[in-house]
Amino acid sequence: MSVKARSAAAQAWRVARLVAVKDLRVEWRSRVVLNQVLPFAAVVMVMFAFALDNTDLLTRVAPGLVWMATIFSLQVLVQRSFAIETADGALDALQVAGVRPGGVFLGKSLALAAELAVLEVVLLGAAIVLYRTDVPAGRLGLLAATYLAATCGLAFVGTLYGGLAAGAKGRETLLPLLMLPVVAPVLIGATRATEAAFGTNDATTGDGWPWLGLLALFAAVFGTAGTLGFGSLIDE
Amino acid sequence: MLAMRQAGFVLGAYGVSLTAIVLYTAGLLARARRAARRLPGEERPWQ
Amino acid sequence: MNTTAPTAATDNASNASAAAPVRDKRPTSTRFTQVLGVIVLAGFAWLVVFGLLLSPDDSEQRSLVRIMYVHVPSAWLAYLAFVVTGVASAAYLWRRSRNLQWDRLAGASAEVGILFMAITLVTGSLWGRPTWGTYWTWDSRLTTTAFLFVTYIGYLAVRGLGGSHHQRARRSAVMALLAVLEVPLVHFSVRWWRPLHQGQTVEAQKIDGLMLFSLFVGLVAFTLLYVWLVLHRMRVALLDDEVDDRGLDAALAARRAEG
């Protein structure tokens with residue numbers, strides 16, 4: 001890597017850290033995630049139990065429900081993440097100031113991933129309590145790796161499409177339409193890998209690892225695409 | 001009976017397809033006319 | 001742009017409405033598209049005649065094979081349309097000139113692709129119901145096609161977001177390239193999810209000569225229709241863009257006139 005490229009990467013990384021810290025600080029002060037998104041996710045989990053109304057069935061489909069609740073909550077988190085940017089034209093200001101869009105993308109993804117991680121821990125707890133899921137200790141490695149890869153993938157896609165819809169009329173309704181088809185592979189892959197980690201339907205850890213590969217590939221593809229393409233998307 | 005039911009599916013498939021194409025085309029030409037009315041005397045590269 | 005634009009435009013309008021009433025009746029057609037249109041009509045008449053009347057029943061699928069003469073060509077053209085969208089989007093971003101014609105081609109092709117894909121999905125269901133006993137199966141090919149359909153509906157929604165023409169073009173070009181990334185990921189994940197394949201449809205079976213010819217007629221008719229529709233759609237897009245520009249010019253002129 002040349003000196004120039006290295007300094008550009010360092011600069012992008014610095015921007016990413018600043019943006020991520022800024023986003024998390026805003027979140028910590030407003031507590032929207034804590035007071036609104038987490039309760040929303042919990043209600044979704046309870047509603048699933050109403051809809052299915054069968055404890056054995058709930059235990060069997062718990063991994064899928066956990067990820068569905070995560071993806072629903074992701075929509076809300078992404079909207080929130082860009083509402084704070086567009087409210088006073090902060091995104092435009094960053095552009096005008098010549099900040100690298102790749103760095104902004106990574107920073108916002110990082111903050112989103114951190115919020116998602118908190119949410120996922122709560123949803124996992126809800127699954128254990130409400131759906132009688134148990135997590136075998138020997139499979140925690142697979143579970144952790146799955147959550148890491150899936151969370152990165154979701155955060156990248158969320159930031160990418162959130163940025164696209166930011167600042168446009170009707171973005172609230174457009175975001176789910178754009179995002180849901182794209183995160184379908186994450187839903188499939190994460191659900192199968194989580195089933196393997198929970199041991200649902202007699203799945204073994206061996207069933208889980210290939211799906212983890214898919215999740216990692218997904219995260220890598222959209223992470224790269226987002227870092228390169230984010231500038232074109234948010235440029236107004 | 002079976003043949004009749006099959007014929008229904010076959011004719012339905014052709015009917016739906018052709019109707020969709022005709023409706024889309026009609027809409028497209030109407031859009032063109034609407035736009036052209038607002039651009040009288042404009043040069044059009046293809047004409 | 002000059003301050004006399006509004007009066008010049010009204011002058012033009014009165015002249016043009018007298019001079020070219022025919023031109024405004026079919027504003028997007030040329031000699032070429034008119035001839036092509038007649039050929040397309042003839043092609044579809046042939047398709048109906050061959051598909052419904054002349055071609056024989058299949059030994060297994062019986063008369064249901066006739067649906068294939070519409071289903072298979074529309075599916076092929078739908079996929080081709082999305083490839084064209086991807087290539088045109090890449091061309092828009094690649095070329096320094098940022099030619100909006102590439103963007104209009106991408107949008108036109110996606111729209112026509114959605115039409116053809118809707119036809120593919122509906123005819124496929126109508127074939128599947130009597131053949132498999134169900135309108136839909138969670139086969140990887142079907143599921144990927146459905147996702148492609150939804151993705152490009154989203155793409156068209158992004159095109160409609162507004163902004164300047166070049167903003168729209170760049171945003172939707174990135175969207176189209178993201179869709180190109182997404183589709184293989186969806187395809188492979190669905191394929192792993194449901195490894196059991198439904199049997200091949202028409203391609204694998206022994207095909208009678210007249211059946212093959214009917215399929216060929218369908219393919220030609222749909223291809224020519226695709227060209228005709230995309231040409232017209234691109235021209236409408238250009239007219240729409242000009243209407244937008246003119247609206248902006250008029251607003252600016254009005255503003256200047258206010259002082």
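Trainee: In which loop of chain A is A:Arg132 found?
Mentor: This is a predicted model, in which local features need pLDDT of at least 70, side-chain atom pairs count only at pLDDT 80 or more, and totals for chains, interfaces and linings use all residues. Residues are numbered from 1 along each chain as its sequence is written, while chains are lettered from A and ligands numbered from 1 in the order in which they are written. Helices are DSSP runs of H or I with at least four residues, strands are runs of E with at least two, and both are numbered from the N terminus. On that basis, A:Arg132 is found in the loop between α5 (101-130) and α6 (140-165).

Trainee: Is A:Arg132 buried or exposed?
Mentor: A residue is buried if 20 or more other C-beta atoms, placed from the backbone, lie within 10 Å of its own, exposed if 12 or fewer, and partly exposed in between. Phi of A:Arg132, a residue other than glycine, is positive, near 55°. Because A:Arg132 has 12 other C-beta atoms within 10 Å, the class is exposed.

Trainee: What is the phi of A:Arg31 near?
Mentor: A:Arg31 lies in the loop between α1 (3-30) and α2 (32-52) of chain A. With 10 other C-beta atoms within 10 Å, A:Arg31 is exposed. Its phi is positive although the residue is not glycine, with a value near 55°.

Trainee: How far apart in space are A:Asp88 and A:Ala62?
Mentor: A:Asp88 lies in the loop between α3 (55-86) and α4 (90-96) of chain A, and is exposed with 9 other C-beta atoms within 10 Å. A:Asp88 and A:Ala62 are 26 residues apart in sequence. From C-alpha to C-alpha, the separation in space is 41 Å.

Trainee: Where is the kink in α8(A) centred?
Mentor: The expected span of a helix is 1.5 Å times one less than its number of residues. The 30 residues of α8 (205-234) of chain A should therefore span 44 Å, and the 41 Å between the end C-alpha atoms agrees. The bend at a residue is the angle between axes fitted to the seven residues ending there and the seven starting there. In α8(A) there is a kink of about 50°, centred on A:Leu228.

Trainee: What radius of gyration does chain A have?
Mentor: Chain A has eight helices and zero strands, and its C-alpha atoms fill a box of roughly 55 × 40 × 30 Å along the principal axes. The radius of gyration is taken over C-alpha atoms, and the globule rule is 2.2 Å times the number of residues to the power 0.38. A compact globule of 236 residues would have a value near 18 Å, and chain A agrees with 18 Å.

Trainee: How many residues of chain C are in contact with chain B?
Mentor: Chain B has one helix and zero strands, and buried residues make up 21% of its 47 residues. Two residues are in contact if their C-beta atoms, placed from the backbone, lie within 7 Å. By that criterion, 28 residues of chain B meet a partner set in chain C whose number is 37.
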